Number of protein chains: 2
Amino acid sequence: MPHMFDQHLERNSANFAPLSPLSFIERTAEVYPDRLAIVHGSLRQTWGETYARCRQLASSLNRAGIGKNATVAALLPNTPPMVEAHFGVPMAGAVLNAINTRLDPETIAFMLDHGEARAIIVDPEFTGTLAKALAWRKSQAPLLVLTVQDAVYGPAVQDLGGTDYDAFVAEGDAQHAWELPADEWDAIALNYTSGTTGNPKGVVYHHRGAATNAISNVLEWDMPKGAVYLWTLPMFHCNGWCFPWTVAARAGVNVCLRRVEAQAIFDAMREQGVTHYCGAPIVHGMLVNAPDAMKAGVPAGIQAMVAGAAPPASMIEGMEKMGFDLTHVYGLTEVYGPATVCAKHAAWEDLDIGERARLNARQGVRYHLERDVRVLDPATMQPVPQDGETMGEIMFKGNIVMKGYLKNAKATEEAFAGGWFHSGDLAVQYPDGYIKIKDRSKDIIISGGENISSIEVEDVLYRHPAVLAAAVVARPDPKWGETPCAFVELKAGATLTPEDIVAHCKQHLAGFKVPRAVVFGELPKTSTGKIQKFELRKQAGSASAIDV
Amino acid sequence: MPHMFDQHLERNSANFAPLSPLSFIERTAEVYPDRLAIVHGSLRQTWGETYARCRQLASSLNRAGIGKNATVAALLPNTPPMVEAHFGVPMAGAVLNAINTRLDPETIAFMLDHGEARAIIVDPEFTGTLAKALAWRKSQAPLLVLTVQDAVYGPAVQDLGGTDYDAFVAEGDAQHAWELPADEWDAIALNYTSGTTGNPKGVVYHHRGAATNAISNVLEWDMPKGAVYLWTLPMFHCNGWCFPWTVAARAGVNVCLRRVEAQAIFDAMREQGVTHYCGAPIVHGMLVNAPDAMKAGVPAGIQAMVAGAAPPASMIEGMEKMGFDLTHVYGLTEVYGPATVCAKHAAWEDLDIGERARLNARQGVRYHLERDVRVLDPATMQPVPQDGETMGEIMFKGNIVMKGYLKNAKATEEAFAGGWFHSGDLAVQYPDGYIKIKDRSKDIIISGGENISSIEVEDVLYRHPAVLAAAVVARPDPKWGETPCAFVELKAGATLTPEDIVAHCKQHLAGFKVPRAVVFGELPKTSTGKIQKFELRKQAGSASAIDV
């Protein structure tokens, strides 16, 4: 017989509901229907209107036969349809696959095929890219193309002959009786990560995790109701670190932004009363280095969140000078974006800038509603001593960890070996429990906030008939953080210039993945023939590498 | 075969953790070990120390054989051991049963028996009450009595010969490897409600609900990290509306308070920098009506939360004059305390005080992470028209709804009939979706924030040999909100005074439940013999009722 605390006390529809960020927009539209939800160009859309449009989108998707577990891709910048897709697509029971607009058509085609997309919402600016991707696509299954019109951009690059997005929405029922997922473990989003192999891996998010991280964002920032959030961070990165759902939970304002440009950002801050924004260091650096005249009249107290690399002292100082408050977070696609935060302490404020920068450069502690993060010895799965010296691997556990990799049981199993998610990042842990990354164990290059798999670039290099061996490593870059640096060993008798290599890469890779420096010569190898990337990184950091 | 989004993507210990408020204190102690957690008299206890003591308490409980699903009662005012019990008891796997210290010994004994308490933590002030309760107790099972010493109070009323609480804690292991519940649905607390029958019902809370409502409290108040929370609201009421867990989540300060007195409250606000507190209208009224000199130097911007009755215009005005910000919430024990909030709108600020009071008097909309609240016709379970006129019953659904009533499958089933929790409160819903209570369908009297079951008092009245029939209804009271008013029909030839009735009640009831007015005479009845409480309420509200 069950214990008295478990007897006749089961879950039922009165006392149990699936956790889902869809509840956030429903409540906000109910309580604050007239509050502003979206600003874009001259568009002003309330939460009541936005919720109605999301229900219409869900309704139209369902009528088109797109429902539970169907993938709906999005090739969109930070515009209103991207906000709407974060609600309307899962309200249909479907799974949102927001695709990086900077990717090359071949990679986009891979994602559409692998994710089995049934529909794609595309911005006018990326219709040309999509046309090429469709040509690369292997699947013969029908793909519903929904083309957005955006007065802020203008006419589409290419007429795809698809359905007009607004017309599709308009056909839907604004009272559509959508339902929460039957299980909070149901998929809500699919996000491809460049990972460490040539082919991207599809990270699957569930409703429980999306809701949990969205609320963690509120908790870290003490984010008040009605916050005004500027979309400097792409929503195709980890669903904008779950902020579309956070902003809905706060009945806040989504200030859209097609392009990350200093003038547009400062204008939005002044004109829309922006209170919060996120970005890679390059975004914050751009603002810090903007001319003073451009910054005039920007309100003090704006909250900024940075991830992708530790903010240097100069950035922290520059932000302080502008009156901004910078929070350093760290995460990966697999943990819904930020999953640690360098939580600040009052005592730090009295330290000099160098010491403050040193403390703030750490990746910190677990995010609020994440169960745990530790630096573990991957061999023993035991915590390393908290001495700030002993290296181990950053590992996460809890509700802000992906469901797994799509159609990749092996990679999922490896990632979760021993009951922790293995980040692949090597770090130390300090006596105060704060974590600091020391190296990336898997050779990812982070350029302007974008992950570049060195192996993907190497694969392209190897496809050139004159290349014998190739290795790509990160090269420190004052503007981009890192750029890819290629080391190439040519076949005997072959003669190539760096420009030839770059031209070859441009044919097969997105622009930001193309090596910015090319070095010819024999590659250093271990006795077993493995290329010593450690040596190459040292060379790449030195002045001898040749810029192209 | 499962769909690709469900295949090889199961829950595991890396990507799933039970939701529990115990995670909050663990993180706060890890990230902010030196921050102040508890203030009481001259005591200052950090989060590091508090977490260590909670682990010790859990360790000692486990060593005493008190673990999973065992009930640990607490007869404590708002003192440090009560804060600790909210973590240490569930860390042991046990269930906290915080008992209202104002109850009579017989009722306390009922709770100890019904809840099968294995231990009780008792404050020195209530040792006398407990001694009497132990005499009433029917169970022969051993009960571990842990007696608190509190310099703020002084020597215990009575020596119970139990174990000293601090010594018990000190024996425990500060590194105790406690575990989260195996299932987030496991019980965390047991709270008795006077309900509508003579015997209190035991409301069971689970970890998922406790965590969810604790975070909802943060969201409603935009409660920042480091908030300073004053304990004016008893922690034995719905676990202080889940605020012990909320304060831990915010790394805030628990300012303890043995007695709710204006001087002590204003002193705490000035000296401890209090930022937030909760209470029944009587608490706020006491502050509003305090002499101006007592209020001098109290910081502006203090956030106050009120429940139990709608705040009248005079209270709203008085709070504004003090610079306090008042939020009106509504709930019941069954929904973890507050489960609706009268969410304010900027446009209301321009209205006159009468209109603002009218709008703020409404019980409002669902709490942030509650799934739904509606006014439904209990016969059809359909929503009533949102016309501000049609009555229905307030019903809740979602994760902030109890597990059910302990050992009372029938009451649980009735409460959850049709997939909603039936509040028993009758209300209307306005066009803006806001709910307003019109009547209490089940005759609960709310006096000074305490629920009094009219039926419980009637039961006592019926036990007097001279009483033929009795009915108890609420009587409006300027100080207490409501007080019980007894209508008594005597047996033929019997002669009793109101004082006799009161003396009889005092033998069997807690002081606050004793009728403040007694009216003799024949009771109005329906044709089927049912007493017409509606008529009695009208009489109780008139001047003809006689105060005792």
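In this predicted model, Arg362(B) is buried, because its relative accessibility of 2% lies under the limit of 20%, whereas Asp432(B), at 33%, counts as partly exposed. These two residues form a salt bridge in which the closest N and O atoms are 3.0 Å apart. The pair links distant parts of chain B, since Asp432(B) lies in the loop between β21 (421-429) and β22 (435-440), while Arg362(B) lies in the loop between α14 (353-360) and β16 (365-366), 70 residues apart from its partner.

Lys68(A) is exposed, with a relative accessible area of 51%, but Asp186(A), at 9%, counts as buried. In the other pair, Arg356(A) forms a salt bridge with Glu320(A), and the closest N and O atoms are 2.2 Å apart. Arg356(A) is buried at 17% relative accessible area, while Glu320(A) is partly exposed at 38%.

Over all chains, the structure holds 58 salt bridges, and the count between chain A and chain B is 20. One of those between the chains connects Asp222(B) to Arg250(A), whose closest N and O atoms are 2.7 Å apart. Salt bridges that share partners also join residues of both chains into one network, which consists of Glu26(A), Glu30(A), Arg366(B), Arg371(B), Asp372(B) and Arg374(B).

The contact between the chains involves 78 residues of chain A and 78 residues of chain B. The area buried between them is about 6300 Å², of which carbon and sulfur atoms give 53%. In chain A, the residues that lose the most area to chain B are Met4(A), Phe5(A) and Arg27(A), which together account for 12% of what that side buries. Between the two chains, 50 residue pairs are in polar contact, both residues of each pair having pLDDT 80 or more. Among the elements that give two or more residues to the side of chain A touching chain B are α1 (22-31), β9 (201-206), α7 (207-221) and α15 (409-415). By class, that side of chain A has 37 nonpolar, 18 polar and 23 charged residues.

Notes:
Residues are numbered from 1 along each chain as its sequence is written. Chains are lettered from A and ligands numbered from 1 in the order in which they are written. This is a predicted model: local features need pLDDT of at least 70, side-chain atom pairs count only at pLDDT 80 or more; totals for chains, interfaces and linings use all residues. Side-chain values use heavy atoms; hydrogens and water are left out. A salt bridge is a side-chain nitrogen of Lys or Arg within 4 Å of a carboxyl oxygen of Asp or Glu. Buried means under 20% relative accessible area, exposed over 50%, partly exposed in between (1.4 Å probe, protein chains only). Helices (H or I, at least four residues) and strands (E, at least two) are DSSP runs, numbered from the N terminus. Contact means heavy atoms within 4.5 Å. Buried area is the accessible area (1.4 Å probe) that two parts lose on being put together, summed over both. A polar contact is a pair of N or O atoms within 3.5 Å; within protein, one must be able to donate a hydrogen and the other to accept it, and residues adjacent in sequence count only if both atoms are side-chain atoms. Ala, Val, Leu, Ile, Met, Phe, Trp, Tyr, Cys and Pro count as nonpolar, Asp, Glu, Lys and Arg as charged, and the others, Gly among them, as polar.
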